[in-house]
Amino acid sequence: MTPIETRAIGTSTARVDGPRKVAGTAPYAYEHPVPHPAYLVPFVSTIARGRIDRLDTAAAETVPGVLAVLTPWNAPRLTSEAEGEYVVLQNPDIAYRGQIVGAVVAESPEAAREACDLLTASYTAEPHDVDFRHDHPGAYTPEKVNGGYPPDTSRGDTDAAFAAADVVVDQWYSTPEEHNNPLEPHTVVALWSDDELTLYDSTQHPHGVVEALAPVLGLEPARMRVVCPYIGGGFGSKGGPHAHDVLAALAARAVPGRAVKFAVSRQDMFGYTGYRAPTVSRVRLAADRAGNLTGLVHEAYTQSSHVTEFVEQAAVSSRTLYDVPNLRTTHRAVTLDVPAPFWMRAPGEAPGMFAGEVAMDELAAACGIDPIELRIRNEPDADPESGRPWSSRRLVECLRDGAARFGWDPDDREPALRRHGRWLTGTGVAVATYPHMVNPGSEAVIRHKGAGRFTVRIGATDLGTGAWTALTLIAADALGCRAEDVHLEIGDSALPNGTVAGGSSGTSSWGTAIVAAAEEFRKRFGDNPDPGAEAAATAGENKELEHYRAQSFGAHFAEVHVDTDTGEIRVPRMFGMFSVGQVINPRTARSQFIGGMCFGISMALFEESIRDTRLGHVVNHDLAEYHVPTHADIRDVDAAWLDEADVRATPMGSRGVGEIGIVGSAAAVVNAVWHATGVRVRNLPVRLEELL
Ligand code: MOS
């Protein structure tokens, strides 16, 4: 692959969409002006399994302004293509508490809510089971896990490795159910006109929403359009459509000529819009006295749903991270009466590497080796899973440079020794890896507007991460023009195909298409194109990735203070050193890294969705009770990265930066808690009482 010359790329650039956001002129999904909108409020089940027998709508229908009350019996029909989450109001069956079983559409949100409160349902409840345990009798081996990976792998002879080991770590680790809480909830505005459907939808993948829902709604894809120029976060939960998108489309059909606006409430976001399933991992490490790994077994357990199978791939990173000859990984899933789990930032890697990287810290302590040195000793020359060479693996530099910048002291590794008044202090380290993914199929169209100015059109989206700016910089360098001369259009399925803003693949995938289109443009029109000259290209597979294993890498360092009287935990300092290839825009990449690290602090200390086993729903379903860090919890968090380009990864030399910041970061915090207190925490989030 010929790398492009970087001029705009790598310069710290303010967001091109920043002024629009600050001025309030950037329309988010719910704000798109539509004439005379109607408003939808859903009615959700209060049982976790069974059926709804009757929904009494009489009182609701008398509320002034009510336009329609939808039930499983009167809602417009979907095609037989509808499966899983997309089957909305098509039958009376209930698969989880909080499932949509009705809806009111009214002239105002207030009228819709009032009418919804007047709906009364009668149910036939069946016994439900939402109690996730690794030893659940229903645990089974899925055919594949999230990401398409095989559930089980093995190499070598782990039994022999453990029998011969000098040192063994054998522990259980768990992460709880967690919910994506972007500031902007899932919102959608649905508008039919002449059998054509437009959705203004807060989504990470406009073309994906069309691909998924057009067949379900019985539409030719060309008759459906999804518009999404700005998003207030998603963290993966907006990576595909959920029940609310289908419901809005159905409801808008029931009130002809009206656009229907639907903002999912914060409480309902703990229902049908996706979440991270809980995980339990048993991690066994075998090593010689010097800390050289001889065996690794990672058995991961998680929960799936009757609605859609989704298996968090928690053991996948363990297959590739360290040089270990004897290895076995397994995934088991338990299907429960719960909503469908979905993507939440670094699904699989985030919970799985919490387990693996705490286990490595335990091994370091057991061997009496500095945890950085332990990881360096187990650094593989090539990918242990495929045998392929790395496109670039500079994890050791991340560890060494990061340690120097953080001020890591390898001679101060005894736990529970550092006391300052009431506070015990400690430091922890953990590494991060996340696959480099490039999705083929994105298409870019470039048009010369005249006077060296260009329009670049591609159906990409910007979650708030900086894609508007990153793609502008890429287009500028690919075309050899200034960033100011690029007019970018994204966020609309009417634009050329864009792949998902997920799996940290967005910039890599769309950028590859933009570079290909620019090459085509320059080949056809040279350096002096006429106004109106236009060229297009579609990104193919990255063939290099058949011969090389490409991953992003990082090392996290955390300092933790623990109050010996109250158990209060503070994280005054956290530093991440990353290797992600060429950074496109340092300003927004840094935000991605430190945002992920804050997510890791959150995962370590705060987040936990508590599912009531008797009722079946998440009881702490709002931001008052589902804790995320505030400014007072986040102190000095910083990130840096190696100056590099990975020419095999993308034509820009870049790899993904979106998710690696959260991977391993919770482990670094928990490892620092151990160093401070001597208490080894293996179940997230850390509870104060464990430290007293
Ligand atoms: Mo990411 S959880 O794949 O948006």
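Predicted model: local features only at pLDDT ≥ 70, side-chain atom pairs only at ≥ 80, totals over all residues.
I count two residues as in contact if their C-beta atoms, placed from the backbone, lie within 7 Å.

**Entry 1: helix 10 and helix 11**

I began with the pair formed by helix 10, residues 467-479, and helix 11, residues 506-525. Which residues meet here, from helix 10 and from helix 11? On the helix 10 side I listed Ala467, Ala470, Leu471, Ile474, Ala475, Ala478 and Leu479. Their partners in helix 11 are Gly506, Thr507, Trp510, Gly511, Ile514, Val515 and Ala518. Sorted by class, this contact holds eleven nonpolar residues, three polar ones and no charged ones.

Then I looked at the geometry. Two packed helices are described by the angle between their axes and the distance between the axes. For helix 10 and helix 11, the axes come within 9 Å and cross at roughly 30°. Angles under 35 degrees count as roughly parallel, so helix 10 is roughly parallel to helix 11. I also noted that their crossing is right-handed.

**Entry 2: helix 12 and helix 13**

Next I turned to helix 12, residues 586-605. Helix 12 packs against helix 13 at an angle of about 55°, and their axes are 7 Å apart. I therefore wrote the two down as oblique to each other. Helix 12 passes helix 13 in a right-handed crossing.

From helix 12, the residues in this contact are Gly596, Met597, Gly600, Ile601, Met603, Ala604 and Leu605. From helix 13 they are Ser665, Ala666, Val669 and Val670. How many of the residues in the contact of helix 12 with helix 13 are nonpolar, polar or charged? I found eight nonpolar, three polar and no charged.

**Entry 3: helix 7, and helix 13 again**

I stayed with helix 13 and looked at its packing with helix 7. The angle here is about 35° and the axes are 8 Å apart. This crossing is right-handed. Helix 7 brings Met353, Phe354, Glu357, Val358 and Asp361 to the contact, while helix 13 brings Ala666, Ala667, Val670, Asn671 and Trp674. By class, I noted seven nonpolar residues, one polar and two charged.

I then checked helix 7 on its own. At 1.5 Å a residue, its 19 residues should span 27 Å, and its end C-alpha atoms are 26 Å apart, which agrees. Is helix 7 mostly covered or mostly uncovered? I found it mostly covered, with 18 of its 19 residues buried.

**Entry 4: helix 6**

At 1.5 Å a residue, its twelve residues should span 16 Å; the end C-alpha atoms are 17 Å apart, which agrees. Helix 6 is mostly covered too, with ten of its twelve residues buried. Among the buried ones I wrote down His244, Asp245, Leu247 and Leu250.

Most residues other than glycine have a negative phi, and most peptide bonds are trans. With that in mind, I looked up some exceptions.

Phe235 has a positive phi of about 60° although it is not a glycine. Is Phe235 buried or exposed? A residue is buried if 20 or more other C-beta atoms lie within 10 Å of its own; Phe235 has 27 such neighbours, so I count it as buried.

Ala346 is another non-glycine residue with a positive phi, about 55°. I found Ala346 in the loop between strand 15 (326-336) and helix 7 (349-367). With 30 other C-beta atoms within 10 Å, Ala346 is buried.

Which residues does the cis peptide bond join? It joins Leu684 and Pro685, with omega about -10°. I placed Pro685 in the segment after helix 13 (665-677).

**Entry 5: His134**

Last, I looked up His134, in the loop between strand 6 (120-125) and strand 7 (153-155). His134 has 18 other C-beta atoms within 10 Å, so I put it down as partly exposed. Leaving out residues up to four places away in sequence, His134 touches Val280 and Tyr301. I also checked His134 against Glu373: they are 239 residues apart in sequence and 33 Å apart in space, C-alpha to C-alpha.

Note on methods: Residues numbered from 1 in each chain as written. Helix = DSSP H or I, 4+ residues; strand = E, 2+ residues; numbered from the N terminus. Expected span 1.5 Å × (residues − 1). Axes fitted to C-alpha atoms, helices over the stretch in contact; angles between N-to-C directions. Parallel < 35°, antiparallel > 145°, perpendicular 65-115°, else oblique. Left-handed = near helix turned anticlockwise from the far one by under 90°. Nonpolar A, V, L, I, M, F, W, Y, C, P; charged D, E, K, R; others polar.
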